[in-house]
Each structure stands twice: as C-alpha cells, then as structure tokens.
Amino acid sequence: MGRTPNEKRSVAYFSMEIGIDERVSTYSGGLGILAGDTIRSAADLKVPMVAVTLLYRKGYFRQELETDGWQREESAAWLVEDFLEEMPHRISVLVEGRTVHLRSWKYEVKGIDGSTVPVYFLDADLAENSEWDRNLTQSLYGGDEHYRLSQEVLLGIGGVRMLRALGHDSIRSFHLNEGHAALLTLELLDEAAHRAGRKSLTQEDMDAVRKQCVFTTHTPVPAGHDKFPVDLARKVIGTREDFFALDGVLHEGNTLNMTYLALNLSRHINGVARKHGEISRLMFAGYTIDAITNGVHAATWVSAPFRELFDRYIPFWKKDNFSLRYALSIPKGEVWNAHMQNKKRLIDSVNRETGVSMDENVLTIGFARRVATYKRADLLFQDMERLRKISAESGGIQVIYAGKAHPRDVEGKNLIKQIFRAKHALGKDIKITYLENYNMTLGAAMTAGVDLWLNTPEPPMEASGTSGMKAALNGVPHLSVLDGWWIEGHIEGLTGWSIGNEVVGKGEHRDHSLDAPSLYEKLEKTILPLFYRDRERFMNVMIYSIAINGSFFNTQRMMQQYVLNAYYSR
Ligand SMILES: *Cc1c(COP(=O)(O)O)cnc(C)c1O
C-alpha cells in the first residue's frame with residue numbers, strides 16, 4: 001500500500017474500438033468485443049493493465065432494415081456523462097499543424113475479485129478546438145482516410161501523452177490491438193530521443209521503442225490494414241523527416257502502412273489463431289510471428305440458465321474457466337432444460353417482434369456477424385430446392401440472421417437484401433428472420449438461444465471468429481468451414497461439425513464451390529437426424545462443446561498467454 005494505483009500499471013492496451021457496455025456504442029464488431037473481453041479478463045486476473053481508446057459520441061450506428069432488407073443507419077448517440085467519469089487532465093497534439101486539445105473519460109472495468117482496469121476514452125470535443133477537430137472523436141470508422149489518420153494521431157500520440165499526464169510512467173508493454181494505434185511509436189521514439197538528449201530520431205531510438213511494444217494483427221483481409229500515402233502523412237503528422245527517414249517507418253518508401261510500422265517497432269507480434277499466425281507469416285515474410293488464439297469472456301457470454309447450472313455443478317468456473325471441463329458431469333437433461341429456456345426466450349422475442357411464428361421444437365440455426373462478402377451469409381441459400389427438401393424430410397429447420405454492413409459497403413448491404421429475398425422465396429417452408437441492429441445483447445441472446453451456430457467464411461479469410469465460442473459456452477454446437485479458431489476447436493461429431501474437410505494455406509487451391517453441397521449434406525445426413533431422432537447424442541455434442549471448447553476458448557486462457565508470452569517476455 002501507500003502507492004497510487006497508477007504506479008503499478010505496466011501494460012497499456014490501445015484499441016480503436018472497445019466494447020465495454022451494451023449501451024456505450026464505441027465498437028463496431030469483433031475487434032471491439034474482443035478488446036472488451038480482453039480487458040474484463042485482465043481485471044479478473046489482476047493484470048496491471050490500463051486501456052486507451054477514442055470516445056465516439058455518435059457511436060457506430062443503429063441499424064434499421066426496410067421491408068426489402070435495405071439498411072438504414074441511424075444515430076447511436078449515447079450520454080457520455082451517464083457512464084464515464086471526466087478526468088481533469090488536459091493534453092494536446094498537433095494535427096496538420098493545429099493544436100488539438102484532448103481530455104479523457106474513465107470507465108473502470110471490475111474483475112471478479114473487485115480489482116479494476118481503467119479504460120480512458122480520449123475526447124476532442126472541447127470548446128478550445130475548431131469544429132473539425134471537435135468532430136474527430138465523434139464517429140467510429142466514419143470518415144475518409146484523412147479523417148481516419150487524424151483519429152489515429154489522437155489515439156496513438158494523444159494516448160501516450162494522456163497516460164503520462166495521468167501518471168502512468170512505468171508501462172513496460174504497450175499493446176497495439178491492431179495497427180490503428182501504431183503512431184504511439186512516434187511518441188515513444190520522441191521520448192527515447194529526449195531521454196538521450198537528442199533533438200531528432202535515430203535508429204537507436206527504434207531499438208528502445210521495439211523493447212516496449214507488442215502487436216496483434218487481426219485479419220488477412222487487405223482492407224483491414226490501414227495505409228496512408230506519405231504526402232497525407234506529412235500533411236497530418238507534420239514534416240517529421242527524421243521519423244519518415246527511419247528504416248522501417250515508410251513501407252516501400254512512400255506509404256505509411258500501420259501494419260508494417262507496428263511490425264517493425266514491436267518485440268512480440270502475434271496473430272489471433274494458430275492458422276492466422278501461419279497466414280500472417282506468409283503475408284509478412286521475415287518477421288517472427290507467434291499465435292495466441294482468441295477467446296471470449298466466459299462470465300459475460302454465459303447466459304443466466306447456464307450460469308445457474310455452472311454455479312451449482314462447477315462452483316469455481318468463473319475464477320477458473322478451465323474447470324468448465326467438468327461440464328461432462330452435468331446431467332444431460334439439465335443442460336437441455338437450460339438450453340430450452342434460452343431457446344424459448346429467443347423465439348418468443350422473435351415472434352413478438354417480427355410476427356414470423358417460429359416453433360420452439362424446430363431445429364433453429366443462427367448466423368450473425370458483420371456482413372462482409374467473404375463471410376458468405378447467403379451460402380445456405382445456394383440451392384433453395386435442396387434446402388426446402390432437406391427441411392421437409394427431416395422435421396424442419398428455421399433460421400435467425402443478424403448483422404450490420406459497413407455504411408459504405410454497398411455489396412454488403414445488397415447481401416442483406418439477398419437474404420430477405422431468400423426469406424420471401426422460402427415463405428412458409430422454412431421460416432427465416434433477419435433481426436435488426438446486431439449488438440452485444442442480441443449476440444448473447446442468439447448464441448445462447450439457437451440449436452446450431454453456423455459460420456461460412458471463405459478460408460483463410462477468417463482470422464479467428466469469436467461468436468462460435470460464445471455459442472460453445474452455452475452448449476450450442478458449431479457447424480463451420482474449417483478456418484480461424486474452428487480448426488483448433490473442431491472435433492467432428494463431438495464439438496460440432498465441419499463444412500468441407502480440408503484446411504488450406506494462402507495461395508493453395510481450395511474449391512469453395514464444394515462448401516454449399518457439404519453444408520447440405522452435413523445437415524441432411526448428420527445433424528438433423530441427430531437432433532430429431534437421437535436427441536441423447538445431440539445433447540452429448542452440446543456438453544462436449546462446453547467441456548472441450550468453452551473451457552479453452554475464453555479470454556482467461558488467452559490473457560494468461562499474453563502475460564507469459566508477450567507482456568512480460570523479452
Ligand atoms: C461476438 C460478436 C462479434 C464477433 O463475432 P464473429 O464470430 O467474430 O463474427 C461481432 N459483433 C457482435 C455484436 C458480437 O457479439
């Protein structure tokens with residue numbers, strides 16, 4: 001005791017988006033949810049972490065769907081004062097030569113034993129800033145590349161300055177959760193040069209900064225890697241020729257590529273699943289890239305009926321997620337009853353809100369994720385006649401969809417319309433609904449309330465995926481292409497089922513056209529017969545999903561790996 005809590009923080013976690021609370025709309029999808037779950041587990045494990053992100057007063061957006069499925073974006077504004085505590089400190093950064101003042105707001109994430117991780121939200125909405133600058137912390141993924149780079153200056157440079165102002169001067173590891181925060185390295189370089197009494201940066205400063213940074217890359221999709229032309233970088237950051245001249249700052253001499261900047265200035269680099277580590281090593285040859293497989297925060301994503309069940313049979317499950325392996329000892333009937341409570345709740349709310357009249361006795365498939373074309377939300381409808389026949393001959397299926405498309409992703413938006421068309425075409429034969437405004441609450445209700453969680457990405461584009469892990473914790477088996485985490489979590493017929501059976505690397509040929517036939521075959525020959533005619537064996541798969549996958553694919557295990565392999569390693 002006698003120390004201020006700030007002195008003890010040695011890990012600083014930087015993320016462009018963090019999903020801390022359903023009502024705080026500062027996340028768009030998987031990256032932000034993972035950030036929130038990471039912080040929750042750090043708090044549980046008493047990891048001395050502090051987190052930094054931007055405050056988005058207008059949030060991401062609230063999705064509304066017209067009758068034909070066309071997406072409209074509504075404001076997701078929220079009341080900052082209701083959730084966050086304003087801090088008195090003020091710092092400033094230069095953006096295009098203008099001084100932009102920043103304050104921060106604190107949210108304390110509480111762990112199971114009451115220890116906390118403070119999250120600081122940087123806010124430029126101050127009277128002393130120009131209108132344009134005030135707007136910089138309004139929207140997540142909202143503007144053009146000029147707006148985005150300006151935001152990244154605030155997050156990276158502003159974030160380090162704010163931490164220093166708050167008294168965090170013994171950070172040992174700065175964790176860059178994706179490349180967005182990579183400009184924090186510029187501030188750390190300046191600190192290193194300053195300590196050495198130099199006015200401009202040298203290669204030596206790079207070595208000093210590399211010792212301080214840890215980088216996680218999150219996607220093999222090229223659009224997921226921010227890059228800015230050097231002219232724009234000079235305009236926004238300033239003519240920092242000493243910075244741009246360092247070996248490893250500009251990519252190919254003319255691009256500020258945030259991924260390469262982070263790769264060149266981090267001592268530990270990792271992908272988010274074993275396969276993604278492999279793919280990343282192929283994408284970024286010459287770097288040592290490790291893999292730490294993602295997880296989800298178990299206590300957050302386990303539904304009330306299963307929480308009650310685990311509390312009774314596995315009393316230490318929250319403190320020790322590994323102990324969820326004892327789910328094997330829970331009587332099947334009790335698991336089924338807990339599941340049916342979740343299913344009834346979901347179906348009641350679907351029926352109330354959409355009037356679709358789904359049946360709680362029919363096998364219900366769930367599919368919810370960011371609508372990106374590589375995720376192939378429409379794969380299930382490739383052969384509607386076959387699907388209709390499978391459903392009619394088996395006892396029936398019904399499907400619940402959800403997911404937002406990025407406001408400027410017209411292809412993604414058209415994909416939602418296509419699912420609406422399939423819904424109309426299948427009419428009463430197969431009931432389908434597309435729920436609006438996918439968010440944490442809906443994600444929790446869906447992953448717990450369906451009988452089967454479907455995932456259909458085009459390998460190897462899905463770095464990890466996490467919604468299937470939420471399903472596993474609630475005893476909902478997974479049917480998925482072998483990609484991302486599922487390569488590690490899949491045991492055929494025991495934890496779920498695969499679509500197709502090969503695992504391929506980047507550049508290797510894989511015939512994606514075989515996926516839809518394989519999906520139909522798995523449903524027809526394996527899953528539906530099990531569900532309708534051998535319920536005991538279906539229940540086994542539910543229980544093994546919890547015991548084998550729930551006990552492992554959680555952020556408690558993941559955080560322990562970050563602590564051992566990244567944060568406190570050299
Ligand atoms: C879990 C979750 C995600 C990420 O799930 P994926 O399987 O990676 O697509 C995205 N959005 C919400 C609201 C979630 O709850």
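## Where the ligand sits

The ligand lies between domain 1 (11–294 + 559–567) and domain 2 (299–501 + 510–553), because both domains give residues to the shell around it. These domain bounds come from an automatic or database domain assignment. Before going further, please keep in mind that this is a predicted model, in which local features need pLDDT of at least 70, side-chain atom pairs count only at pLDDT 80 or more, and totals for chains, interfaces and linings use all residues. Residues are numbered from 1 along each chain as its sequence is written, and side-chain values use heavy atoms, with hydrogens and water left out.

## The shell around the ligand

How many residues surround the ligand? There are 13, and the closest are Tyr-438, Gly-465, Thr-466, Ser-467 and Lys-470; a residue is near a molecule if one of its heavy atoms lies within 4 Å of it. By class, the shell has four nonpolar, six polar and three charged residues. In this scheme Ala, Val, Leu, Ile, Met, Phe, Trp, Tyr, Cys and Pro count as nonpolar, Asp, Glu, Lys and Arg as charged, and the others, Gly among them, as polar.

Oxygen atoms of the ligand come up in several pairings with the protein. The side chain of Ser-467 places an N or O atom 2.6 Å from a ligand oxygen, and the side chain of Lys-470 has an N or O atom 2.6 Å from an oxygen of the ligand. From Thr-466, a backbone N or O atom lies 3.2 Å from a ligand oxygen. A polar contact here is a pair of N or O atoms within 3.5 Å; within protein, one must be able to donate a hydrogen and the other to accept it, and residues adjacent in sequence count only if both atoms are side-chain atoms. Taken alone, the ligand exposes 390 Å², and the protein buries 94% of that. Accessible areas come from the Shrake-Rupley method with a 1.4 Å probe, and for residues only the protein chains shown count as cover. Helix 1 (30–44) and helix 17 (467–473) are the elements that give two or more residues to the shell. Helices (H or I, at least four residues) and strands (E, at least two) are DSSP runs, numbered from the N terminus.

## Backbone features worth a look

Most residues other than glycine have a negative phi, and most peptide bonds are trans. Pro-459 and Pro-460, however, are joined by a cis peptide bond, with omega about 0°. Pro-460 belongs to the loop between strand 18 (452–455) and helix 17.

Lys-46 is not a glycine, yet its phi is positive, near 60°; you will find this residue in the loop between helix 1 and strand 2 (49–54). Asn-437 also has a positive phi, about 55°, and sits in the loop between strand 17 (431–435) and helix 16 (440–449). Is Asn-437 buried or exposed? Asn-437 is buried, at 18% relative accessible area, where buried means under 20%, exposed over 50%, and partly exposed in between (1.4 Å probe, protein chains only).

## Salt bridges

Side chains of opposite charge can pair when their charged atoms come close. The count of salt bridges comes to 44, taking a salt bridge as a side-chain nitrogen of Lys or Arg within 4 Å of a carboxyl oxygen of Asp or Glu. One network of them links Arg-57, Glu-86, Arg-90, Arg-103, Asp-123, Asp-125 and Arg-134. Asp-21 pairs with Arg-23, with the closest N and O atoms 2.9 Å apart; Asp-21 is buried at 12% relative accessibility, whereas Arg-23 is exposed at 54%.

Asp-429 and Arg-388 form a salt bridge at 2.6 Å, N to O. This pair links distant parts of the chain, 41 residues apart: Asp-429 in the loop between helix 15 (410–426) and strand 17, and Arg-388 in helix 14 (residues 384–394). Asp-429 is partly exposed, with 46% relative accessible area.

## A buried glutamine

Gln-71 is located in strand 4 (residues 71–74) and is buried, at 2% relative accessibility. Its side chain makes a polar contact of 3.0 Å with the side chain of Gln-63. A polar atom of the Gln-71 side chain also lies 2.8 Å from the backbone oxygen of Ala-405.
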